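Please work through the following exercises with the sequence and the coordinates at hand. Each task is followed by a solution in steps.

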Amino acid sequence: MEIAEKLRELIKGRKWAVFMTICGIAGLLLIMISSLIPDDAPKKNDVSDRCIGAVDTEKYCNDTEKRLEVFLSEIEGAGEVRVYLTVGSDERYVYATEGRCSRGDNKTEEEERYVIVGGGSEKNALVETVRSPEITGAVVACEGGGSAQVRESIYKAVSAALDIPTSRIYVTKLR
């Protein structure tokens, strides 16, 4: 009962109006201050995404070169091996799509759209796969590169391992 009586007294007097005005002003000030504070979530930046992709591509290339060097050094007569790879593109994202096909009398209509996930302002296309960087060429230097038989073995091995034509591979003798 005491609480109800105190509320009646506040409502009757001007104290209630002053209290509500102060609360309203405080709320508006908090809203204004919150708009000045930066968000904690980092903003996506295309430049930083490209740099991250370039670093990933370089790491992928270096790892592939090392693995290929170890593999090629096992070929009889190859000896010490150094490999340099060229890359035609960075990692590529393949996005999921959904399609619709309708057929009429003498006409066929096809529509294809990306699958979008998320809600509100955070809508993104659904990534189906991430393709590794495309290796477009290779240079191989090895101690046994002076021998035609060793060079032929290395051409075939690199072509098969990287799935590139032999015209994009160069084998030479390591000095």
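The exercises below concern a helix, a residue and a surface patch in a predicted model.

**Exercise 1.** Determine what span helix α4 should have at 1.5 Å a residue, and compare it with the separation of its end C-alpha atoms.

Solution. Helix α4 comprises 15 residues, 148-162. The expected span is 1.5 Å times one less than the number of residues, so 21 Å should result for α4. The end C-alpha atoms of α4 are 21 Å apart, which agrees. As to burial, Val150, Ile154, Ala157, Val158, Ser159 and Leu162 are the buried residues of this helix. After α4 comes Asp163, which has a positive phi near 55°.

**Exercise 2.** Is Thr57 buried or exposed, and which residues does it touch beyond four places in sequence?

Solution. Thr57 lies in helix α3, residues 46-73. Its relative accessible area is 7%. Buried means under 20%, so Thr57 is buried. Leaving aside residues up to four places away in sequence, Thr57 touches Val87, Asp90, Glu91 and Pro133. Ser132 is 75 residues from Thr57 along the chain, yet their C-alpha atoms are separated by 8.1 Å.

**Exercise 3.** Identify which residues make the nonpolar surface patch of about 590 Å², and classify Tyr93 by its accessibility.

Solution. The patch is made by Tyr93, Tyr95, Tyr114, Ile116, Val127 and Val130. Strands β2 (92-95) and β7 (127-131) are the elements that give two or more residues to this patch. Tyr93 belongs to β2. With a relative accessible area of 47%, Tyr93 falls between the limits of 20% and 50%, and therefore Tyr93 is partly exposed.

Key. Residues numbered from 1 in each chain as written. Predicted model: local features only at pLDDT ≥ 70, side-chain atom pairs only at ≥ 80, totals over all residues. Heavy atoms only, no water. Helix = DSSP H or I, 4+ residues; strand = E, 2+ residues; numbered from the N terminus. Buried < 20%, exposed > 50% of the residue type's maximum accessible area, 1.4 Å probe, protein only. Contact = heavy atoms within 4.5 Å. Patch = residues over 30% accessible without salt bridge, like charges linked within 9 Å, V, L, I, M, F, W, Y side chains within 5 Å. Areas by Shrake-Rupley, 256 points an atom, 1.4 Å probe, with all protein chains shown as cover. Salt bridge = Lys/Arg side-chain N within 4 Å of Asp/Glu carboxyl O.
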